[in-house]
Amino acid sequence: MIRCIAIDDEPLALAQIVKFIERIPTLELVAKCLSVSHAKDVMDEQMIDLLFLDIEMPGVNGMEFARTLKGVPYIIFTTAYPEYAIEGYKVSAVDYLLKPLSFDDLCAAVERVSERMLNKPSEMYVKTNGKLRRVVHENVMYIKGMSEYIQIYTKGENIPITTLCRMRQVEEDLPKGMFVRVHKSFIVNINYISAFDSRSAQIGDVVIPVGETYKSAFQAAMYEHGRTNVS
């Protein structure tokens, strides 16, 4: 399912978009918003894949808001003003639909979003410092558990991302072929392991212990990756 928000300051226009969304089985409407500020509040709390975004609105307009998003989530502009079209594509909008909206055009735009989502990197969203943050799985080197919190160590960043989450929960959500739990307090990305034996795995300058309970799973994961010198 594609989790989406409809944003339009005109109630009738918003109702029309919502009606179309409800007819598309691949869409899940998370919220309908009469302002950008309302949409921001929703996005701080929940993972959103797609915005149906009006442009001319009081306060922060849709185009200004789109510039702050840096490509996440996807955007389909829904507006009565054709003059913003070029600028809309500069902020990497998937489509730019003019009102009155056509259901067929909206369906075609949603299909383009689906295609992009199929080709995007595997990712997750975590809440940290009161905001939702996108984390690409391929960039995660390892995860450290600390009671009810986890620390996510990512490539190229010195400070880990800390979020309220239990190890079991994040373990279930990670791609199985990429990650393996090696200790009650550690999950590692196999692709970043530079050296290892049956007792430890090294990622960069960090040596991560391999617990007795997890040794068999670790050995199996390394074998599947063609690395068999665990002793």
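Tutor: Asp-197 is found in the loop between strand E13 (195-196) and strand E14 (200-203); strands (E, at least two residues) and helices (H or I, at least four) are DSSP runs, numbered from the N terminus. The model is predicted: local features need pLDDT of at least 70, side-chain atom pairs count only at pLDDT 80 or more, and totals for chains, interfaces and linings use all residues. Residues are numbered from 1 along each chain as its sequence is written, and side-chain values use heavy atoms, leaving out hydrogens and water.

The side chain of Asp-197 has a polar atom 2.8 Å from the backbone nitrogen of Arg-199. A polar atom of that side chain also lies 2.9 Å from the backbone nitrogen of Ser-200.

Elsewhere, 5 strands form an open sheet with parallel pairing, in the order E2-E1-E3-E4-E5; two strands pair if DSSP finds at least two bridges between them. Strand E2 (27-33) and strand E5 (95-98) are the edge strands, each pairing on one side only. From one strand to the next, the twist averages 20° (axes are lines fitted to C-alpha atoms, for helices over the stretch in contact, and angles run from 0 to 180 degrees between N-to-C directions).

Strand E4 (residues 74-79) runs parallel to E5 and is joined to E5 by 4 bridges. Here Ile-76 stands opposite Asp-95 in E5.

Two helices complete this description. Helix H2 (residues 36-45) lies across strand E1 (2-7), E2 and strand E3 (50-53), at about 130° to E2; contact means heavy atoms within 4.5 Å. Helix H5 (residues 103-119) lies across E1, E2, E3, E4 and E5, and runs at about 165° to E4.

Methods
Polar contact = N/O pair within 3.5 Å; in protein donor to acceptor, adjacent residues only side chain to side chain.
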